[in-house]
Amino acid sequence: ALLISACICMFAMSIVQAEEKEKEKNVIVKPTAAQVAWHDMELGMFFHFDITVYKQGWKWRTFKDFPDPNLYQPTKLDTDQWMEAAKAMGAKYAIFVAKHCSGFLQWQSDIYPYGVKQSSWRDGKGDVVEEFVTSCRKYGIKPGLYASVSANGYLNVDNPGLVNRGKGGDPKAQAEYNRICEKMAKELWSQYGELVEIWFDGGAIPAVKGGPDLVPILKKYQPNAIAFQGPIGTPNLIRWVGNERGVAPYPCWSTAKAVTSEGGTIEKVFGGHPDGNLWIPGECDVPVRNHDWFWKPNREKRLYPLEHLMDMYYRSVGRNCNLLLNANPNPDGLVPEADMKRYIEFGKEIKRRFGKPVAKTTGTGEEVELSLKAPTVINHVTIMEDIAHGERIRSYVVEGVEEGGAWITLCEGQSVGHKRIHLFDTRTLKKIRLRITKSVATPIIREQAVYNVQ
Ligand code: IPT
């Protein structure tokens, strides 16, 4: 009888396991390997540089008085110095604005006559994209490129990527513009090696809705690139979080419901959706000088103080997003000194706080406990799900035990995903545990770590 009941028990268990597997297959959206690797980088540096820094006050939306290419003279350009800034902050990837809304092309291109080729700088032979990518590789930082298709002042195009200053209504001109975008994409995606990320600022109108046919080009030349607001059909997507302040909403899920708007894959619910059908985590893009994407004279006072940057870090990386912090090279072609100092401070402070946990653990299931050898002063916890298996947690509490005490709540939340960071009142704890109160499948905790930051 014992044997029979053991058999029944095992049979029942295997049914449960099979059901669990089935549930997982149907319910849990998983990232691509490229998306997992992207999330692990956590920090990126954006580089906004354009001919506009040489004609302060000019607005591309006037669609006239375009800055003369000869004004473009980054005489001390040193993209290695740019990488010093990225490295100092701890960025693992960097994205260069190869073509911003002015339309000025900062690489050797013949798609239209407005770019470095038309400038006297380096006798028209300069190529900032090439230098940027070379420096990235030299410094072990993964390169990415921005070349928006949603706006191009020189070609009379405005959001969401329509001719006639955004009004459209001219199929022939639109088709011409679309072909230009495809050529631009092919040049940038085929000539500079593997790109980690491609930035579609403001999205890209899908081909089926009359936009450029970019997905086949992307799949051919950069199948592993992450696309920020890429057109629908892009294999590895990420989304915007709805502001340029470096702050993700909370909860902030890695998944969202696919929204094919005119502009492409743009998610309107900035925190995403726990039951979303698409893996499309958030990236928080923010200037280092409050509101200034491009360099302007005498604006050092706009540099965010260290404390503010740390706050962004908690509310971006600590809320399951990557943080893409901008650098604004000056007309010489260098990251300004004051900004450089701030990146160094920022990188140092992240290391000081999170470089070495007091203790850490990993685990599977509804409870993951971490016992400390002796009562220890603690005020931070970081939690990471193993997102390769999808985002499984829906809500949780973190509890701790003081000497001779009972479990007390330290912090709680909903989404975890790649990483969640909590700061709580300093306590001397013997034990700490993560208790998952709601999940859609067995939680897999890649790491639970505690810190004492003073
Ligand atoms: C804004 C776009 O509308 C949005 O789709 C996204 O690309 C974002 O930029 C990136 O920062 S436009 C900006 C002026 C808020």
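This report covers the cores, the ligand site, selected helices and some backbone features of a predicted model.

## Nonpolar cores

The largest nonpolar core holds 103 residues. Within this core, F47, W82, F96, F132, L188 and W189 touch the most other members. Helix α5, residues 171-190, gives the most to this core, with seven residues. In soluble globular proteins, nonpolar side chains tend to be buried together.

F96 gives a view into the 103-residue core. Beyond its neighbours up to four places away in sequence, F96 touches F47, F49, W82, Q106, V128, V129, F132, G144, L145 and Y146. Three of these partners, F47, W82 and F132, are named with F96 among the residues that touch the most other core members.

## The ligand site

Which residues are around the ligand? They are W199, D201, G202, F228, Q229, W240, E244 and D285. By class, this shell has three nonpolar, two polar and three charged residues.

Some of these residues place polar atoms by ligand oxygens. For D201, an N or O atom of the side chain is 2.9 Å from an oxygen atom of the ligand. G202 uses its backbone: a polar backbone atom is 2.8 Å from a ligand oxygen. For D285, a polar side-chain atom lies 2.5 Å from an oxygen atom of the ligand. Taken alone, the ligand exposes 390 Å², and the protein buries 62% of that.

Is H380 buried or exposed? H380 has a relative accessible area of 2%, under the 20% cut-off, so this residue counts as buried. H380 is found in strand β14, residues 367-385. Leaving aside neighbours within four places in sequence, H380 is in contact with Y314, F354, I421, H422, L423, F424, A449, V450, Y451 and V453. The side chain of H380 also makes a polar contact with the side chain of Y314, at 2.6 Å. The C-alpha atoms of H380 and V358 are separated by 9.8 Å. Along the chain, these two residues are 22 residues apart.

H39 is found in helix α2, residues 33-41. Its relative accessibility is 0%, so H39 counts as buried. Not counting residues up to four places away in sequence, H39 touches S254, P281, N320, C321, N322, I387 and H418.

Helix α3, residues 79-89, is mostly covered. Eight of its 11 residues are buried. These are T79, D80, Q81, W82, M83, A85, A86 and M89. The cover over them includes β1, β2 (93-99), α4 (128-139), β12 and α8. D78 caps the N-terminal end of α3, with a side-chain oxygen 3.1 Å from the backbone nitrogen of D80. Just after α3, G90 takes a positive phi of about 95 degrees.

Helix α7 spans residues 306-316. Its buried residues are L309, M310, M312, Y313, Y314 and S316. Y314 is the residue whose side chain makes the polar contact with H380. The buried residues of α7 pack against β1 (43-47), β11 (282-286), β12 (322-327), α8 (337-354), β14 and β17 (420-439).

## Backbone features in loops

Two cis peptide bonds can be described here. One runs from N159 to P160, with omega near 5 degrees. P160 lies in the loop between β3 (142-147) and α5. Another joins Y250 and P251, with omega of about 0 degrees. P251 is found in the loop between β6 (237-240) and β7 (255-256).

F63 and D123 are residues other than glycine with positive phi. For F63, phi is near 55 degrees. F63 lies in the loop between β1 and α3. At 11% relative accessibility, F63 counts as buried. For D123, phi is near 50 degrees. D123 lies in the loop between β2 and α4. Its relative accessibility is 67%, over the 50% cut-off, so D123 counts as exposed.

Note on methods: Residues numbered from 1 in each chain as written. Predicted model: local features only at pLDDT ≥ 70, side-chain atom pairs only at ≥ 80, totals over all residues. Heavy atoms only, no water. Core = buried A, V, L, I, M, F, W, Y, C linked by side-chain atoms within 4.5 Å. Buried < 20%, exposed > 50% of the residue type's maximum accessible area, 1.4 Å probe, protein only. Helix = DSSP H or I, 4+ residues; strand = E, 2+ residues; numbered from the N terminus. Contact = heavy atoms within 4.5 Å. Near = heavy atom within 4 Å. Polar contact = N/O pair within 3.5 Å; in protein donor to acceptor, adjacent residues only side chain to side chain. Areas by Shrake-Rupley, 256 points an atom, 1.4 Å probe, with all protein chains shown as cover. Nonpolar A, V, L, I, M, F, W, Y, C, P; charged D, E, K, R; others polar.
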